[in-house]
Each structure stands twice: as structure tokens, then as C-alpha cells.
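New notebook page, new structure. I'm going to look up a few things one at a time and jot down what I find.

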Amino acid sequence: MTKTIIIGAGLSGLTAAWELEKLGHEVVVLESRDRVGGRAWSLQLDNGQVMERGGEYIYPEDFEIRKLACEVGIPVLTHNVRFARRTVGDSHMSFAELSELTNLLKQRLHEMTSDHLHDVSIDFLYAEALGKTYRTHPLYLRHATSISAPPELVSAQAVFHRLDGVHSYIEDGGRFINGNQSLPTELASRLAGPVRLESPVAAIDQSLRGVQVRLADGSTVDGDFAVVSVPLPILREMEFGFELTPAQVLALDHRFMGVAAKIAIPVSNTDGDTALQNPHQTWWTWRSMSQDGETRIPALAGFAGGPTALSALDTGNGPHGWIKAVTAMRPEIVIDGDVLLTDWTREAWTRGSYSAASLGWTPDDTAAFDTAAGRVAIAGEHTGIAQTLNGAVVSGIRAVNALSRLAT
């Protein structure tokens with residue numbers, strides 16, 4: 001039996017630990033925070049409604065996380081929210097319009113890359129496809145919000161690469177019944193090996209025989225293999241006594257951390273629009289379906305992506321600026337309790353929301369972490385193409401596969 005050290009008890013790290021134990025390996029998980037889950041973080045409002053401070057949506061084709069949840073008996077509820085067809089002003093796109101525009105953007109991007117234009121940003125693609133008024137288009141606003149980074153700096157190839165294997169878009173997203181953090185919490189509770197909280201890692205080294213992890217307090221943990229599953233800014237600060245592969249170094253060089261904030265507002269009344277995008281800034285609010293499948297939850301959720309939106313909403317100084325903006329956009333709202341704001345730029349063990357692909361990104365980056373760097377595999381959303389809850393799960397499985405090839 002081999003021993004693997006998992007650095008990070010987020011969804012990717014705990015997925016790796018879970019899969020390794022199923023294969024008969026011993027694991028020990030080291031986590032910097034005082035909780036598991038990482039960016040899967042749920043909290044209950046004063047009115048009892050569970051809301052997400054972090055990762056929110058589980059999409060219909062997110063097969064890996066759905067399979068994992070099925071294994072441990074956690075059901076998925078529908079949000080029943082028009083995620084990609086948000087209301088802007090007084091209307092929203094039809095499903096046919098969404099499909100037509102998506103195909104237009106993909107075709108235009110294909111033409112540009114065929115002409116050897118590879119550093120195509122989201123902004124450049126939309127300007128070429130839609131003309132000068134592209135910034136007001138609902139689909140651009142959705143993309144610019146979701147990437148959580150300046151659109152002029154984000155690779156359009158990377159964003160649309162995710163759609164290459166998708167034959168038709170399905171307008172639905174899910175969530176776990178007791179909050180998305182319930183999945184990593186359940187995984188951690190079922191592990192045979194220890195999950196050590198408040199155990200930040202400072203350095204990792206390896207030899208031909210094994211790996212050694214040094215914690216911030218100076219203590220060490222020895223093992224045969226390791227999975228490093230920490231957010232991109234933390235990964236870059238960690239001391240490595242060995243080299244990552246050239247492909248991994250290049251892939252990480254092509255990513256940078258985006259910034260985002262979320263707000264959860266308990267309400268006793270609001271308007272009937274379930275998905276409302278701000279027409280001028282990259283933030284939106286939605287109201288999910290209740291467990292009963294008929295009524296909406298007594299809370300409004302909001303997401304703001306990118307530094308411009310966070311500055312406009314003044315999230316660094318609390319929820320007041322965002323509450324004022326929400327009230328202006330939804331004048332019928334009646335707030336009923338304390339508002340919960342999460343600004344991910346202020347989270348010490350994350351320092352941002354999730355990563356974005358820079359203009360230097362290439363499709364070759366997607367295979368960089370299929371192999372380990374010696375005895376160490378790297379996991380996390382920044383190692384893959386999907387910066388989602390499912391992307392985290394996929395990265396954990398990929399890390400296990402990389403180590404399994406070494407252990408056989």
C-alpha cells in the first residue's frame with residue numbers, strides 16, 4: 001500500500017483522496033483553512049435558506065460531479081434559472097437566438113484561427129462578430145461576467161474550447177440539496193485517512209523514493225506520492241524542491257487569477273424575474289427554485305465578475321453599495337434579514353475567484369497535467385478547461401490517473 005499526501009481539502013483534493021482510497025491507497029489530507037470545501041462553501045442565512053458563497057452551478061453535462069454525488073447519496077436540485085439567457089433591460093434572448101449567436105461566434109473564431117490569429121480575446125471576437133455595440137449584447141455581458149477577468153485579456157479560444165464536445169446547449173443548472181459544500185464535507189467524513197485542518201503547507205520536495213511536505217510550522221509529512229490541489233496564487237507561492245514539466249510550467253504561465261464577489265440577500269418580496277443581468281456592469285442576480293419544484297427560495301443570489309464590477313459595487317467596503325445597486329435594478333425587493341457578502345479577493349487562501357486563460361493559451365495546455373511531475377500530480381480548476389465545480393472533480397480524477405500509472 002502506498003501513502004499519498006493530498007495538499008488541499010477543496011473539491012479537487014478530496015476527490016483525489018476519495019478515488020485513491022477506493023484503489024486501496026493510504027491518504028492524508030492537509031488543509032490550510034479551518035473547514036473543508038475550498039471554493040465550495042455554503043452558509044445558512046438567518047431565514048434558514050442555504051446559499052453558496054462559492055461555486056454555484058452543476059450543469060447537465062457535468063457527469064463526473066454528478067456521478068460522485070450519486071456515490072455518496074447527495075441529490076441534485078434544479079436552479080431553474082435562465083443562466084445563459086438572462087434578462088437585460090426588459091427582455092431576454094430566445095433559445096434559438098442563443099444557439100444562432102453561439103454558432104456565429106464559434107464560426108468566426110474558427111475563421112480567425114484558420115488565418116493564424118491565435119491571440120484572440122473575448123473582446124476582439126465579439127467586436128469582429130457583432131460590431132461596435134457588442135458590449136451591450138446580453139451574451140457578451142454573460143460571458144464577460146462569468147470569466148471574472150478583463151475580457152480583453154482572456155483567450156476566446158479557451159472559453160469556446162469547452163463547447164467543442166457539446167452538441168446542444170441545455171438551459172438548466174443544478175445545486176446540491178443541502179448546499180454545494182455538502183459534497184466535500186461528505187467525502188471528508190468518509191475517508192479512512194486523516195483530514196488535518198489548519199495545516200498550511202510551505203514546501204514540497206521529492207526523491208526517487210518518495211515525497212516530503214513541510215508545513216508552515218516546520219513539521220514534515222512523508223509519503224510515497226503527493227497531489228497538490230491549491231488555488232493558483234497559493235500554488236505559485238509554494239516552494240518546490242523539484243521542477244514541474246515544461247508543459248506544466250507553460251500551461252500555468254498561460255493562466256491568471258480572476259476576481260469575483262457573491263451576495264446572498266434574504267427577501268420577503270421581489271419581482272418575478274429569476275435571472276436579471278445588469279446592462280452596464282458585469283454582475284447579475286437570480287432566484288433559484290425551491291425544493292418543492294413550485295416556488296422560489298426566499299433569497300436573492302448575486303455574482304459580480306471582474307475588477308471593474310467589484311470596484312463599481314465597492315465590495316471591499318461591505319455589501320452596502322451592492323444592495324443599493326440591486327434595489328435600483330429590482331425596486332420591488334424587500335430585504336428580510338442580514339445580507340451576506342463574499343469578496344473572494346479578500347480570502348487569504350484563495351486570493352481570487354478562479355483562473356482565466358490568457359491570450360497565450362493553446363489547446364496543448366489541456367493535456368499538461370495528464371502526467372505527474374515525478375511523484376507529484378497537480379490538481380485544481382486551473383489545470384483544466386472548466387473553471388467549475390465539475391472541473392475541480394475532473395482535475396482530481398486526472399491527478400489520480402497520473403499517479404496510478406506510476407504506482408503500477
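In which sense do strand 9 and strand 10 pair, and over how many bridges? I looked: strand 9, residues 211–215, pairs with strand 10 in the antiparallel sense, over four bridges. One facing pair I noted is Arg-214, which stands opposite Thr-220 in strand 10. A reminder to myself: this is a predicted model.

Four strands make up an open sheet, and I read their order as 10-9-8-12, with mixed pairing. At the edges I found strand 10 (220–223) and strand 12 (239–240), each of which pairs on one side only.

**Entry: strand 19**

Next I checked strand 19, residues 340–343. Its partner here is strand 14 (residues 260–269), and the two pair in the antiparallel sense over four bridges. I found Ala-261 standing opposite Asp-343 of strand 19. Then I asked myself which way the residues of strand 19 point. Leu-340 and Thr-342 go one way, while Leu-341 and Asp-343 go the other way. Buried or exposed, on each side? I got buried for all of them, Asp-343 included.

**Entry: helix 1 against helix 2**

On to helices. Helix 1 (residues 11–22) packs with helix 2 (residues 63–71) at an angle of about 60 degrees, and their axes are 13 Å apart. The cut-off for roughly perpendicular starts at 65 degrees, so I put helix 1 and helix 2 down as oblique to each other. I also noted that their crossing is left-handed.

Who meets whom? From helix 1 I listed Leu-11, Thr-15, Trp-18, Glu-19 and Lys-22, and from helix 2 Ile-65, Leu-68 and Glu-71. Sorting this contact by class, I got four nonpolar, one polar and three charged residues.

**Entry: helix 5**

Last stop, helix 5, residues 138–146.

What does the covering? One more detail I jotted down: helix 5 is followed by Ser-148, which has a positive phi, near 60 degrees.

Terms used: Residues are numbered from 1 along each chain as its sequence is written. This is a predicted model: local features need pLDDT of at least 70, side-chain atom pairs count only at pLDDT 80 or more; totals for chains, interfaces and linings use all residues. Side-chain values use heavy atoms; hydrogens and water are left out. Axes are lines fitted to C-alpha atoms, for helices over the stretch in contact, and angles run from 0 to 180 degrees between N-to-C directions. Angles under 35 degrees count as roughly parallel, over 145 as roughly antiparallel, 65 to 115 as roughly perpendicular and the rest as oblique. A crossing is left-handed if the near helix is turned anticlockwise from the far one by less than a right angle, and right-handed if clockwise. Contact means heavy atoms within 4.5 Å. Ala, Val, Leu, Ile, Met, Phe, Trp, Tyr, Cys and Pro count as nonpolar, Asp, Glu, Lys and Arg as charged, and the others, Gly among them, as polar. Two strands pair if DSSP finds at least two bridges between them. Buried means under 20% relative accessible area, exposed over 50%, partly exposed in between (1.4 Å probe, protein chains only).
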